[in-house]
Amino acid sequence: MNIRIGQGFDVHAFGEGDHVVLGGVRVPHERGVLAHSDGDVVIHALCDAMLGALALGDIGRHFPPSDPRWKGADSRAFLRHCDALIGERGWRVGNADVTVVCERPKVGPHAQAMRERLAEDLGVGAEAISVKATTSEKLGFTGRGEGIAAMAVCLLVPK
């Protein structure tokens, strides 16, 4: 079987704000994230997984934080770009699995909306996208509420 698998990871520190963006969904929170773009750790990790599956570098190579074009950018544009890159090479997302690591905000109530948003951008059914969350049991930077992280695994299959 001809498949490719990639994994991705992203982290952002919390800063001023009243929400975070996760999987393209605005999630109310008492803090925002420090980031050049909208800081969507879910999409950033997923993009890295997609790019990694085809050895195309990482999200920072394609959307460098030093480039002012990406200041405050909607990360969904990054996801659609990565989907186009893999499509040009004859691949599509077969499925993706994302885990958000944080104590807060609670991800569960927003997971279905995230799945639907990601699936829409990737042109797949929501059943091909998993979004779940875990805490770090109050350990480390996520446990202390200093930031948020996400991990993603993505399977690419031929178009």
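Is Ala55 buried or exposed? Here are some notes to read beside the structure.

1. Ala55 is exposed, with a relative accessible area of 62% (exposed means over 50%, buried under 20%, and partly exposed in between, using a 1.4 Å probe and protein chains only). Please keep in mind that this is a predicted model, where local features need pLDDT of at least 70 and side-chain atom pairs count only at pLDDT 80 or more, while totals for chains, interfaces and linings use all residues. Residues are numbered from 1 along each chain as its sequence is written, and side-chain values use heavy atoms, with hydrogens and water left out.

2. Stay with Ala55 for a moment. It has a positive phi of about 55 degrees although it is not a glycine, and it is found in the loop between helix 1 and helix 2 (helices are DSSP runs of H or I with at least four residues, strands are runs of E with at least two, and both are numbered from the N terminus). Lys138 has a positive phi too, of about 65 degrees. Lys138 lies in the loop between strand 6 and helix 5 (140–143) and is exposed, with a relative accessible area of 62%.

3. Now look inside. The largest nonpolar core has 48 residues, of which Leu22, Leu46 and Met50 touch the most other members (such a core is a set of buried Ala, Val, Leu, Ile, Met, Phe, Trp, Tyr and Cys residues joined through side-chain atoms within 4.5 Å). Helix 1 gives the largest share of this core, ten residues. Leaving aside neighbours within four places in sequence, the contacts of Leu46 include Leu79, Ala96 and Cys154 (contact means heavy atoms within 4.5 Å).

4. Next, the aromatic rings. Ring pairs link Phe63, Trp70 and Phe78 into a cluster (rings of Phe, Tyr and Trp, the last by its six-membered ring, pair if their centres lie within 6.5 Å; planes under 30 degrees apart count as stacked, over 60 as edge-to-face and the rest as tilted). Phe63 is buried, with a relative accessible area of 9%. The rings of Phe63 and Phe78 have centres 4.1 Å apart and planes at 20 degrees, so this pair is stacked. Phe63 lies in the loop between helix 2 (59–62) and helix 3, and Phe78 in helix 3, so the pair ties together parts that are 15 residues apart in sequence.

5. One backbone detail to find: a cis peptide bond joins Arg104 and Pro105, with omega about 5 degrees. Pro105 sits in the loop between strand 5 and helix 4.
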